[in-house]
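These notebook entries record what I looked up in one protein structure.

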Amino acid sequence: MTRSIPLVSAVALLAGLGTAQADIVIGLGTATSGAVAALGDQTVHGAKLAIQDINAKGGVLGQQLVLKVGDDACDPRQAVAVANRFVTDKVAAVNGHLCSGSAIPASEVYNEEGIVMVTPTATNPVLTDRGYDTVFRVCGRDDRQGVVSGQYLAERYKGKNIAVVDDKQAYGKGLAEVVARTLEQAGAKIAFRGSVTAGEKDFTALVSNLKERNVEAVYYGGYHPELGLIVRQARELGLQAQFVAGDGLNNPEYWSITGPAGEGTLFTDSVNPAGTPAGRQLVEEFKKAGLSAPGNFAFYSYAAMQVIAQGMQAAGAVNGKKLAAALHSGSFDTVVGPIQFDKKGDNVKPNYVLYEWRDGKYAQFTPK
């Protein structure tokens, strides 16, 4: 778990600026509690540093940005409560939400109120398929991410038994369905298709089922806490299958759960920008702040803030309708590279690759 950066309150910032300037309040809908709080911490750190950098360069339209964090714990009902609070607080735009299951219902509130939402991490296609002009995402979609895993598994494990498991949540289930469909289209053999419940601890029955079916590869749609336990218990019970998952595994906590049992686990995610000039600069900023190196959740949260700020500047006003129009028509320079949106609000050029966990770290994986 990374160390938290204290959030600058609107009161503290106003005290430092005096009364000459107003503030632009940006909401951050994420999970700072619950099973995926470590991922939420990354989005907070990324957004916070982005706002510090933007404000240091003069802010937006002569005003300073202020970050207001709402913890939804990746729970749909809590996400709606956060969204309604943001409406009451008159936020100018929202960075978030982290989980698809939270982002989808929260976006209903924002769309009704004309508030732009730019998610850094919610990947379920439903989010942008409803035709809302106010909804955008800087990451990719599950129907693109899942194809990468599905194609790899279909080729690498041709003629062998493959399992597809999900956690019944919007992100995990949606991703697993894309993988299963990709496998079926490739003629691969799905020997087991099942689900677990998020928050479970004992996966003995699942592992035994996989062993009985002689499964050699398992795709898991969900987050790191459950898969970490599944993998650890699988190794303890003698199941040596290859495990593959989505970008929910981009988190050091995964290895904290699995230990050496996590060796060789694969997951998909966007290309890590840490090696680019902008990416290296952000890594240095994290170091100076006493934080662990940023992962993609931090990078993409930083990028979402850049998109919002640049969009407002292009719109020439702090106005939801004008901001949405600017985002649909513009191109934005971010820490993860140039971003443009299609008519749905999706990033037109997401770039998914496979990563592999080795010795407590992960690196881009090249299939042999």
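Entry 1, the largest pocket. I asked which element gives the largest share of the lining of the largest pocket. The answer is α2, with three residues. I worked from a predicted model throughout. Besides α2, which spans residues 37-56, β13 (352-358) also gives two or more residues to this lining. I noted a volume of about 400 Å³ for the largest pocket. Its lining is made up of 20 residues, and those nearest the centre are P252, A293, P294, G295 and Y362. By class, I recorded 10 nonpolar, eight polar and two charged residues in that lining.

The lining consists of 15 residues, with Y152, R156, F365, P367 and K368 lying nearest the centre. The elements that contribute two or more residues to it are α6 (142-156) and β13. I noted that α6 supplies five residues, the largest share of this lining. The lining of the second largest pocket divides into seven nonpolar, three polar and five charged residues.

How many disulfides does the structure hold? I found one. It is formed by C74 and C99, whose sulfur atoms are 1.7 Å apart. The bond links distant parts of the chain, as the two cysteines are 25 residues apart. C74 sits in the loop between β2 (64-71) and α3 (76-88), while C99 sits in the loop between β3 (93-96) and α4 (100-113). I recorded a torsion of about 65° about the S-S bond of C74 and C99, so the disulfide is right-handed. Both partners are buried: C74 has a relative accessible area of 13%, and C99 has a relative accessibility of 3%.

C139 counts as buried, because its relative accessibility is 7% and the cut-off is under 20%.

I located S270 in strand β10, which covers residues 266-270. Is S270 buried or exposed? I recorded S270 as buried, at a relative accessible area of 3%. Leaving aside residues up to four places away in sequence, S270 touches N296, Y300, N351, Y352 and Y355.

Methods
Residues are numbered from 1 along each chain as its sequence is written. This is a predicted model: local features need pLDDT of at least 70, side-chain atom pairs count only at pLDDT 80 or more; totals for chains, interfaces and linings use all residues. Side-chain values use heavy atoms; hydrogens and water are left out. Helices (H or I, at least four residues) and strands (E, at least two) are DSSP runs, numbered from the N terminus. Buried means under 20% relative accessible area, exposed over 50%, partly exposed in between (1.4 Å probe, protein chains only). Contact means heavy atoms within 4.5 Å. On a 1 Å grid over the protein atoms alone, a cavity is a set of points where a 1.4 Å probe fits but cannot get out, and a pocket is an open set with protein on both sides within 12 Å along at least five of seven lines; lining residues have an atom within 4 Å of a point. Grid points are joined across faces, edges and corners, and a volume is the space filled by probe spheres set on the points. Ala, Val, Leu, Ile, Met, Phe, Trp, Tyr, Cys and Pro count as nonpolar, Asp, Glu, Lys and Arg as charged, and the others, Gly among them, as polar. A disulfide is a pair of cysteine sulfur atoms within 2.5 Å.
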